[in-house]
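Biologist: I am new to this one. Please show me the structure, and then let us go through it in questions and answers.

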Amino acid sequence: MKVVTNQLWDKFSIEFLRNQVLKNAYGNDDTVIAKIDPRTLLIWYVFFGVLPWFMHNPTLLLGLFIFVAVTTRLTKVAPLVLFLFCFGILTQSGYLLIVSWFFGGDLATLGPILIMTLKVAITSLASITVFSGLNPDRLASGLLWFGCPDQFAFSIAFAYRILPILMEEFQNILLSHRLRGKSPNSIGWRGKFRYLIYQVKIIMFSFLPLMLNIAKRSRTTVEALELRGYRYANQNKIIKKMKLRQLGMGTVDVYFAIVSIIWLWGCFLIV
Amino acid sequence: MIKITDLHFTYPGAAIATLNGVDLEILQGEFIAIIGNNGSGKSTLCKTLNGLIPNFIVGEGSGSVTYNGEDLWKMPIGEIANCIGYVYQDFENQIVCPTVSEDAAFSCLNYGHEDYVKKGLDALVLCDLLDKKDDYIWQLSGGQLHLLALAGALALAPDVLILDEPIAQLDPAHATQMYETLKELNEVHGKTIIVIEHHSEYIAEYCHNAILLHEGRVLWKKDARSALRECQQLIDCHIFPPQITVAAQQIQQKSGWKQDQLLPTTIAEGKKFFEKMGILPDFKVRQEVMNSQLAIQLSNIDVQYRSVKGESKSLFTNFNLKIFAGDKIALIGSNGAGKTTLMKLLVGLLKPKSGTIMLNGTDVTALRAEQIAAHISLVYQNPEQMLIKESVRADIEFAMKERDIANYKQQAQALITLFQLDAIAESDGRLLSGGQMRRASLAIGIALEPPILLLDEPTANLDIATRQEIIRTLDLLKDTIETVVIATHDMQLVCEFANRIIVLADGEVIGDGPREVIFNNQAVRRQAGIEPPAIYQMAEQLGGSAYTIAEFVQAYQKELCV
Amino acid sequence: MNKSMTQSQKLMVFVLSMSLYGLATLFTELIPSLQVGIVEFSIEYFIFIPIALAILFDPLSAALGAATGEIIFSEIMLGQFGGLGELEKFVTITIAIYLAGRLVRDPKNVKNIACIALLAVAIQQLMGATVDILKVQFAIEGFEAVPGLPESVFFTEGFACLNDIFFSGIFFSMIPTAYLVPRLHGKIEPLLGVKPRDRETQLSGVKLSPKVIGICIMAFIVGIAGEFLSEVGIAIIDWEASWAESGISIFMSMLLAGVIITALVIKFKRRQANLEVMYD
């Protein structure tokens, strides 16, 4: 386990993470899912996020699972996101399974846990479809339409704007630590462990300068937001409507709805 | 248009007033520069014009600011934004949307302009960014980002534009583009433009008038050319007049040679001035380049990088370079030419796809950055990222302490004294001035006494006086550190420091040699967008060559003494 | 001083807390956990960042910023968004950080800060564990009847909770917060143009009014309600659906539900629009 963690750690670079996240958000503008109106997708998500919890029939759940797996495929999700999804599902259920056996569970325990896993998987994939498939700005507009607070909707777009800056600052500070500090010898079992602790420690230490640097930046950002009328707009309903005017449902939305309904119909027919 | 009367302002908690009775009048259509040393209140003055003070920044203020007769401080912020646009010095933080077109239209949308999309696009046209409208912010270069910040302010079609150090982070070619854009806005579109500016060459070239601010007061407002002739007063306020003006003044003083003519501020004026003197100076300068032991050797390096959209781009293909011990190298070339990539390669932060890197005879291609950190050190462009401890002293001590150097305390103290950091050793670097911060980062960078030192843009974002200070500090290093590589746009620094210049363009070395070779090669200059310092251009116009003011003056002195 | 912090300064704290904590959660999401037997040394969260900010500046802005940052950076950006279930996390994190910020009276008192930082984690973890146990109970049909399952869920959740309180609480809240706050105090404030907070600037001696606690409890209940909104619904519809023998009738009711949801949303929007017109 520890060896695996260390290898992962070495391969994982901030550059890679940044690229994956941005690719996930903006790299798939040309997919079918991206063309669907965010409101349609959000309603669809509410449906698919809630529906599995209503059902206990494995076949039905499997049918839903296949459907959301296909939509996820359509969104061209970044590999990292898929990896995290699989990793999360496996560890969570695996852990529960092992512990329940420990407490005298038998094969019968496996069934309910598998079904629960399937449910979690369906809702997660539905969420990946919607939140990775939509570009953040459209997602923000969609949420805004449903009455989500402006500050949250703005924060989504802003988060993507500031992410590269944050990453760069953080990366450089981390490098300062790495280059000027002295990393412990990572040979052997104990060395690897020490090395891991060291890495976590310098990540934490890096937040001190990062907080100061970002504080300096956020002052300018907020002053600029004030000048550029951000708060003025938040207090004004007409402007919110102007922002939402770019949304519009079209044929893609209708097709998407029809396909979803037919698939569901099919699943229920089989059951 | 704008009238300021007896303006005072004190920040909350500050002991002394930042603005201390400013009286000023700015006319419609002016292109005006505000000059003054750090802490003279330039930025604060501008913030009283755009409504940030007193609407968002609380503090004690008195006096009046009127815009076309209306009290600016009583106007709603939305209305002020429609009249006065503002571009920050750290403009990067002013851009809040992920795509170009969105950010340009952001203000218009927020202030409820129905045609916000069109207004945003119009502003992009004015700033020559239309072809980038669908790009994401992180795809833009520094110069383009700055233009975008300008476009964001322009979209509301304000009559007045205020820019805080518009070219501080730009290379010379982009700096000229920025000022050309401003000039067009001023002349064609009738905008009143106010810039805070240290680069006196640009003030001479583009501005109509200049205001000198000192200790929160306006000392004078003059037309730009005569303002720059106030050599002594400017230097006292830590502002450097154009090189040509300084050279002319020094020659005049030293030779005791009286002239009825005014001091020149631009190359054109300089030509007349020096030609009138009737002496053709002897520009003879020699700089020895000696190739000694090989310090770094890069052979057949290939580097690729992945972009957000997926496809990988080649940065270096079959790249070769030799760096010798004792070299003082200036690495120049426009943004994106590969300077930073090369630096990262050298310190091991970036690994080549193929090829080898030899450092003092050992192959370091596969070694991790930490493993070679004691042999080669990099000082970042942004000094804040090198300040990782709570005080300057702790930062300087950090690397030595980690490596169990016994007398690290004394060594750190020696560095602190060498770099004149005593007064500020216990404070957090971020609150220091640009020059102090940069000196601190240099001290941190050489704490381990590496034989090779890399510096990324050591003089970026500094006013001229501070730049001189850094150049002097670098001279101190000449004896301590054997090999120095500086990536820079600052040609004055290049001329004063380097004995070897490497010109990069699109990941290739297109020029390599002493300054005489590089600056005389017109093809290389054009391709890499090199703008030699004004003093060199002046000498070139006069048919000779000189790289620094001292050399120029010396050349004349020799003649005059004869 | 808290009172006189301007709206824009609060927005600065929000932006700062959101970006920093967001970035931190992006990392912690990716750092794999280390398990030795059943004891898990996982890096749950870098909660010391928002706690430090809450202590130094406006607690509510820091708390909301952190909760928002977590959802955006680690949930939406990495495609892990869990819908209404995230409401629970949002609320518990907000409450814990807010309370920590309110409880500290003097940002120079390191001992006090350390205790409160640990307390904040305990509050957050206990609230989280309660919700988690209830959640599994709902998700698994006949939860009680499955052999070994209830015990294991109570055990794993309970253990994870204690594990996190002590491991995360000490290493990722108590120690770093006590390290950071004194080092940031007096240094970060000038960067935002704020006067440093000290003993006198705290809201006139009132540490925690019953009102504040009441609001926190209310908010927690709303959070749980959000978490279970769907699942309580399950029980009802499950029960109603038991008359339906075929899958088709279930499907039809689903479809109907979908249509009703859509119709409600549209109607709601219309009414909102009408109201807006009236206000205009």
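Modeller: First a term: buried means under 20% relative accessible area, exposed over 50%, and partly exposed in between (1.4 Å probe, protein chains only). This is a predicted model, where local features need pLDDT of at least 70, side-chain atom pairs count only at pLDDT 80 or more, and totals for chains, interfaces and linings use all residues. Residues are numbered from 1 along each chain as its sequence is written, chains are lettered from A and ligands numbered from 1 in the order in which they are written, and side-chain values use heavy atoms, with hydrogens and water left out.

Biologist: How many salt bridges are there over all chains?

Modeller: Side chains of opposite charge can pair when their charged atoms come close. The rule for a salt bridge is a side-chain nitrogen of Lys or Arg within 4 Å of a carboxyl oxygen of Asp or Glu. By this rule, the count over all chains is 28.

Biologist: Which residue meets Glu25(B) in a salt bridge?

Modeller: Helices (H or I, at least four residues) and strands (E, at least two) are DSSP runs, numbered from the N terminus. Glu25(B) is partly exposed, because its relative accessible area is 43%. The N to O distance in its salt bridge is 3.8 Å, and the partner is Lys3(B). The pair links distant parts of the chain, 22 residues apart: Glu25(B) sits in strand S2 (residues 19-26) of chain B, and strand S1 (residues 2-10) of chain B holds Lys3(B).

Biologist: Is Lys74(B) buried or exposed?

Modeller: Lys74(B) forms a salt bridge with Asp71(B), at 3.3 Å from N to O. Asp71(B) has 28% relative accessibility, so Asp71(B) counts as partly exposed. Lys74(B) has 70%, so Lys74(B) counts as exposed.

Biologist: How far apart in sequence are Glu70(C) and Lys89(C)?

Modeller: Their closest N and O atoms are 3.6 Å apart, in a salt bridge. Glu70(C) is in helix H3 (residues 59-76) of chain C and Lys89(C) in helix H4 (residues 86-103) of chain C, so the bridge ties together parts separated in sequence by 19 residues.

Biologist: And is Glu70(C) buried or exposed?

Modeller: Lys89(C), its partner in the salt bridge, is partly exposed at 31%. Glu70(C) has a relative accessibility of 8%, so Glu70(C) counts as buried.

Biologist: Which backbone nitrogen lies 2.9 Å from a polar atom of the side chain of Gln20(A)?

Modeller: Gln20(A) belongs to helix H2 (residues 14-26) of chain A. With a relative accessible area of 7%, Gln20(A) is buried. Contact means heavy atoms within 4.5 Å; leaving aside neighbours within four places in sequence, Gln20(A) touches Ala78(A), Pro79(A) and Leu80(A). The backbone nitrogen in question is that of Leu80(A).

Biologist: Why are H15(B) and H16(B) called oblique to each other?

Modeller: Axes are lines fitted to C-alpha atoms, for helices over the stretch in contact, with angles from 0 to 180 degrees between N-to-C directions. Angles under 35 degrees count as roughly parallel, over 145 as roughly antiparallel, 65 to 115 as roughly perpendicular and the rest as oblique. The axes of H15 (residues 392-402) and H16 (residues 408-418) of chain B come within 9 Å and cross at roughly 135°. The two helices, H15(B) and H16(B), are therefore oblique.

Biologist: What share of the residues of chain C count as buried?

Modeller: Chain C has nine helices and two strands. From the N terminus, they run α-β-β-α-α-α-α-α-α-α-α. Of its 280 residues, the buried share is 55%.

How values were computed
Polar contact = N/O pair within 3.5 Å; in protein donor to acceptor, adjacent residues only side chain to side chain.
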